[in-house]
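This report describes the fold of one protein chain for a reader who has the sequence and the structure at hand.

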Amino acid sequence: MVKAKKMITVAVLLIIAAAGIWFFFFRQTEENIIRGRFREFSETVEKKGKEGGIKAVATSQSLGSFFAEHTSVDVDGLSWLNGDYSPELITANAFRARQMFNTLSLDFNDIELEINGDTAKAFFTAVFNGKPKNNEPIREIRELEAGLRKVDGKWIFESFRVQNIIKK
């Protein structure tokens, strides 16, 4: 009888320890989910070589799912770029941009997050690398602030503001 109680006690302690380890080390926090969303966005943008029209359309359309119905863009000195964009307009612009490049990538570094319920602000460095079809490779680095909102359990972008432009 004593042996059975010891076994039950050990089993309960193991279950509690496993639950604690999971809670502190493996649980998905909102911060991890948002960082994952940035990673997904980066992977979706990436183009490694020539792609057919169907793949380009599908990739461009999937980019629209990362944005709110009205996503605002604010870049000092580029008034033609500033304004509100719908997911459909972002999709169309992404399709055109993908056609101009043989390869492209967009990486997000040094992401700092301020989460407040179902909204968040992200401060990060975005690095764009691209090889246009008829030109020299491009590498652009920008410090950005993005506003995100949680809709139906997914974090979507609703604003972008360029912090400053890094010049060589």
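The protein chain holds four helices and six strands. Helices (H or I, at least four residues) and strands (E, at least two) are DSSP runs, numbered from the N terminus. Along the sequence their order is α-α-α-β-β-α-β-β-β-β. The model is predicted, so local features need pLDDT of at least 70 and side-chain atom pairs count only at pLDDT 80 or more, while totals for chains, interfaces and linings use all residues. Residues are numbered from 1 along each chain as its sequence is written, and side-chain values use heavy atoms, with hydrogens and water left out.

Of the 168 residues in the protein chain, 31% count as buried. Buried means under 20% relative accessible area, exposed means over 50%, and partly exposed lies in between (1.4 Å probe, protein chains only). A contact is a case of heavy atoms within 4.5 Å. Among contacts between residues at least 6 apart in sequence, 52% join residues at least 24 apart.

**Helix packing**

Two helix pairs are set out below. Axes are lines fitted to C-alpha atoms, for helices over the stretch in contact, and angles run from 0 to 180 degrees between N-to-C directions.

| Helix pair | Axis separation | Angle |
|---|---|---|
| H2 (residues 30–45) and H3 (residues 53–64) | 9 Å apart | about 155 degrees |
| H3 and H4 | within 8 Å | roughly 140 degrees |

With an angle of about 155 degrees, H2 is roughly antiparallel to H3. The angle between H3 and H4 is roughly 140 degrees, and this makes H3 oblique to H4. The terms follow set limits: angles under 35 degrees count as roughly parallel, over 145 as roughly antiparallel, 65 to 115 as roughly perpendicular and the rest as oblique.

H2 passes H3 in a left-handed crossing, and H3 passes H4 in a right-handed crossing. A crossing is left-handed if the near helix is turned anticlockwise from the far one by less than a right angle, and right-handed if clockwise.

Which residues bring H2 and H3 together? Phe41, Thr44 and Val45 in H2 meet Thr59, Ser62 and Leu63 in H3. The residues of this contact divide into three nonpolar, three polar and no charged. Here Ala, Val, Leu, Ile, Met, Phe, Trp, Tyr, Cys and Pro count as nonpolar, Asp, Glu, Lys and Arg as charged, and the others, Gly among them, as polar.

On the other contact, H3 supplies Gly53, Ala56, Val57, Thr59, Ser60, Gln61, Leu63 and Gly64, which meet Pro87, Thr91, Ala94, Phe95, Arg98 and Gln99 in H4. These residues divide into six nonpolar, seven polar and one charged.

Is arginine 98 buried or exposed? Arginine 98 is found in helix H4 (residues 87–100) and counts as buried, at 3% relative accessibility. Not counting residues up to four places away in sequence, arginine 98 touches Thr44, Val45, Glu46, Lys47, Glu51, Ala56, Thr59, Ser60 and Leu104.

**Strands and hairpins**

Strands S3 (residues 101–116) and S4 (residues 119–132) run antiparallel and are joined by 13 bridges. Two strands pair if DSSP finds at least two bridges between them. Leucine 104 stands opposite glycine 130 in S4, and asparagine 116 has threonine 119 in S4 as its bridge partner. S3 and S4 form a hairpin with two residues between them, and glycine 117 in the turn has a positive phi of about 70 degrees.

S4 also pairs with strand S5 (residues 138–151), in the antiparallel sense and over 12 bridges. In this pairing threonine 125 stands opposite glutamate 143 in S5. The hairpin from S4 to S5 runs through five residues.

In a regular strand the side chains alternate between the two faces of the sheet.

**Two aspartates with positive phi**

Aspartate 110 is found in strand S3. Its phi is near 50 degrees, a positive value in a residue other than glycine. Aspartate 110 counts as exposed at 61% relative accessibility.

Aspartate 152 lies in the loop between S5 and strand S6 (154–165). Aspartate 152 has a positive phi of about 50 degrees although it is not a glycine, and it is exposed, with a relative accessible area of 77%.
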